[in-house]
Amino acid sequence: MALKRVRDLELSYKSRDGNVYEWKAPSRWLYRYERDRGAVGMQTGPDTREFEWHVLAKNDLTHAKRKVFDLISEDEF
């Protein structure tokens with residue numbers, strides 16, 4: 001199942017302070033946004049909890065979600 005819109009992202013975790021968000025892609029890979037780091041991480045392997053980080057041009061949730069959507073789209077093609 002491919003994502004067609006950013007709003008189709010499945011939020012799997014949000015920290016209480018709103019500094020960390022995690023989404024699962026349809027392929028079940030994990031993507032993580034850390035506000036303090038100003039970056040989105042793409043999991044390097046199943047259940048590794050290690051991430052390849054991509055620094056955001058603008059550090060906010062909207063840009064983080066867009067980056068996650070773009071990473072998922074690239075990964076599926």
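What is the relative accessible area of arginine 37?

Analyst: Arginine 37 has a relative accessible area of 46% and is therefore partly exposed (buried is under 20%, exposed over 50%, partly exposed in between; 1.4 Å probe, protein chains only). This is a predicted model, in which local features need pLDDT of at least 70, side-chain atom pairs count only at pLDDT 80 or more, and totals for chains, interfaces and linings use all residues. Residues are numbered from 1 along each chain as its sequence is written, and side-chain values use heavy atoms, without hydrogens or water.

The average pLDDT (the predictor's confidence in each residue, from 0 to 100) is 89 for the protein, and 92% of the residues score at least 70. Among the elements (DSSP runs numbered from the N terminus: helices H or I, at least four residues; strands E, at least two), strand S5, residues 51-55, has the highest mean pLDDT at 97. Helix H1, residues 61-76, has the lowest, at 88.

The partner of arginine 37 is glutamate 34: the two form a salt bridge, and their closest N and O atoms are 3.1 Å apart (a side-chain nitrogen of Lys or Arg within 4 Å of a carboxyl oxygen of Asp or Glu). The two ends of this pair can be set side by side: arginine 37 is partly exposed at 46%, while glutamate 34 counts as buried because its relative accessibility is 17%. Their salt bridge belongs to one network, in which shared partners join Glu22, Arg32, Glu34, Arg37 and Arg49. A search of the whole structure finds 5 salt bridges.

Glutamate 22 takes part in two of the contacts described here. One is with arginine 32, whose side chain meets that of glutamate 22 in a salt bridge of 2.3 Å from N to O. Arginine 32 lies in strand S3 and glutamate 22 in strand S2, so this pair ties together parts 10 residues apart in sequence. Arginine 32 and glutamate 22 are both buried, and the relative accessible area of glutamate 22 is 6%.

Another salt bridge joins glutamate 22 to arginine 49, with the closest N and O atoms 3.0 Å apart. This one links distant parts of the chain, since arginine 49 is in the loop between S4 and S5 and glutamate 22 is in strand S2, 27 residues away. Arginine 49 counts as partly exposed because its relative accessibility is 48%. Its backbone also deserves a mention: phi of arginine 49 is near 60°, a positive value in a residue other than glycine. Aspartate 47 sits in this loop between S4 and S5 too. Aspartate 47 is not a glycine either, yet has a positive phi of about 55°. With 74% relative accessibility, aspartate 47 counts as exposed.

The model has an open sheet of 5 strands in the order S1-S2-S3-S4-S5, with antiparallel pairing (two strands pair if DSSP finds at least two bridges between them). Strand S1 (10-14) and S5 stand at the edges with a single partner strand each, so one side of each has no neighbour in the sheet.

Within that order, S3 and S4 are antiparallel partners over 4 bridges. Together they form a hairpin with 4 residues between them, and glycine 38 in the turn has a positive phi of about 70°. Glutamate 34, the salt-bridge partner of arginine 37, has alanine 39 in S4 as its bridge partner.
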